[in-house]
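The sequence and structure are shown first.

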Amino acid sequence: MLVAAGRGVAVENYDIGPHAPHPRRVAVVGAGNVGATFAYTLVLNGLVGEIVLIDIDRERAEGEAMDISHAVPLTNPVRVWAGDYSDCAGADVVVVTAGTAQRPGETRLDLVKRNAEIFGHVIPNITQHNETGILLIATNPVDVLSYVAWKLSGFPSRRVIGSGTVLDTARFRYLLSDLLDLDARNVHAYVVGEHGDSEVPIWSLANIAGMRLNEYCRRVQCDVGDDLRAHISHQVRDAAYEVIERKGATYYAVGMALVRIVEAILRDQRTVLTVSNLVPGYYGIEDVYLSLPAVIGREGVERVVELALGDEELAALNGCAQVLHTVLAELPDQAVEAGDGAA
Ligand code: NAD
């Protein structure tokens, strides 16, 4: 059959069925601050051809899709629209940012229960239309909800990833680079464990120019002593509270963190990122999602990397696992039973 092609040239339309090229698609469930900022950043990045926004508040999703689409002629040719769960079909990655914020007087556990309930609706709706994509979770508390998503989806754990401490790690590197007056991309240091109050900055392995931080400081005559370390650790841990106090929510840095994870997946980059994933028994920790450096590629988490931690860091990481196990144990059974995810 002859069909019209661009510039008025007629070409043969070979029917190559499922092998026909199709644009890369990312679906975003939850088109609030984080979801919309992520989608906008993804457009600027030019990584995908299609972005669908899905939200219980359909008008919000439509408004965000319109606003973002109006930037397309000035950036990259991406189709952005407000859709429904059937549009998750064919998505390489489905990013979940749907959730509610803590209400006044509400405990953290109440919030967990409410967001787990939302996941009880959202995750089966996604997997009904997409059984092969990667689920990337950002909704807080992200470690608990990534575990819930893993269980509900029945997907292998490598395909259910939480944004984890990718953001906290970026904050840590930024603060260190600012202190040392260096390009942040030359500062290698990780925050591991919970994305939350018990998170653990790994000072013992912080690395600059191929040297441990202590050695670097000795050579360039800077001093990052215990007090300064404690101050930076607290700044990293409390960063979200500080931003929320001033502007109500955080979304730019987490939006970029999500794009970075999606880029590593779609381009099979084998990038080491501190995403939240099932801990494969390292340090005696198992059956819980928390962040450790992990190699991210086309299949999701290719492998989790075990770090040589100091004694205090190890104890703190075990503390994170305990915190998360306690929260998971308090969730209603149905929150984590439906699909019984596979490791
Ligand atoms: P928001 O309130 O602006 O957006 C949440 C959106 O989810 C809303 O548009 C809402 O309509 C939608 N939603 C609620 N229930 C839904 C359902 N059942 N189905 C579909 N959509 C539904 O909130 P936000 O600022 O975008 O934050 C979203 C989440 O991301 C929060 O849990 C927040 O704590 C978290 N967050 C995570 C990180 C991180 O590093 N992981 C950083 C910042 C924020």
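## Cavity lining

The largest cavity is lined by V275, N277, L278, V279, L290, S291, L292, A294 and V304; a lining residue has an atom within 4 Å of a grid point. Two elements each give two or more residues to this lining, namely β15 (276-278) and β16 (289-291). Strands are DSSP runs of E with at least two residues, helices are runs of H or I with at least four, and both are numbered from the N terminus. The lining of the largest cavity comprises seven nonpolar residues, two polar residues and no charged residues. Here Ala, Val, Leu, Ile, Met, Phe, Trp, Tyr, Cys and Pro count as nonpolar, Asp, Glu, Lys and Arg as charged, and the others, Gly among them, as polar.

The largest cavity holds about 40 Å³ of space, and the count of cavities of 30 Å³ or more is one. A cavity is a set of points on a 1 Å grid over the protein atoms alone where a 1.4 Å probe fits but cannot get out. Its volume is the space filled by probe spheres set on the points, which are joined across faces, edges and corners.

## Basis of the model

The model is predicted: local features need pLDDT of at least 70 and side-chain atom pairs pLDDT 80 or more, whereas totals for chains, interfaces and linings use all residues. Residues are numbered from 1 along each chain as its sequence is written, and side-chain values use heavy atoms, with hydrogens and water left out.

## Aromatic pairs

The whole structure contains six aromatic pairs (ring centres of Phe, Tyr or the six-membered ring of Trp within 6.5 Å; planes under 30 degrees apart are stacked, over 60 edge-to-face, the rest tilted). In one of them, the ring centres of Y147 and W150 lie 5.4 Å apart with the planes at 70 degrees, so this pair is edge-to-face. Y147 and W150 are three residues apart in helix α4 (residues 142-153), and are therefore separated by about one helical turn.

Y147 also forms an edge-to-face pair with Y289, at 6.2 Å centre to centre and 85 degrees between the planes. This pair joins distant parts of the chain, as Y147 in helix α4 and Y289 in strand β16 are 142 residues apart. Together, Y147, W150 and Y289 form one aromatic cluster.

Both Y147 and W150 are buried (under 20% relative accessible area, with a 1.4 Å probe and protein chains only). The relative accessibility of Y147 is 7%, and Y289 is buried with a relative accessible area of 0%.

## Charges over rings

R159 lies over the face of F155, 4.4 Å from the ring centre. The charged end of K247 sits over the ring of Y251, at 4.0 Å from its centre. The criterion is NZ of Lys or CZ of Arg within 6 Å of the ring centre and within 35 degrees of the ring normal.

Key:
1 Å grid on protein atoms, 1.4 Å probe; cavity = no way out; pocket = protein on both sides within 12 Å on 5 of 7 lines; lining within 4 Å. Buried < 20%, exposed > 50% of the residue type's maximum accessible area, 1.4 Å probe, protein only.
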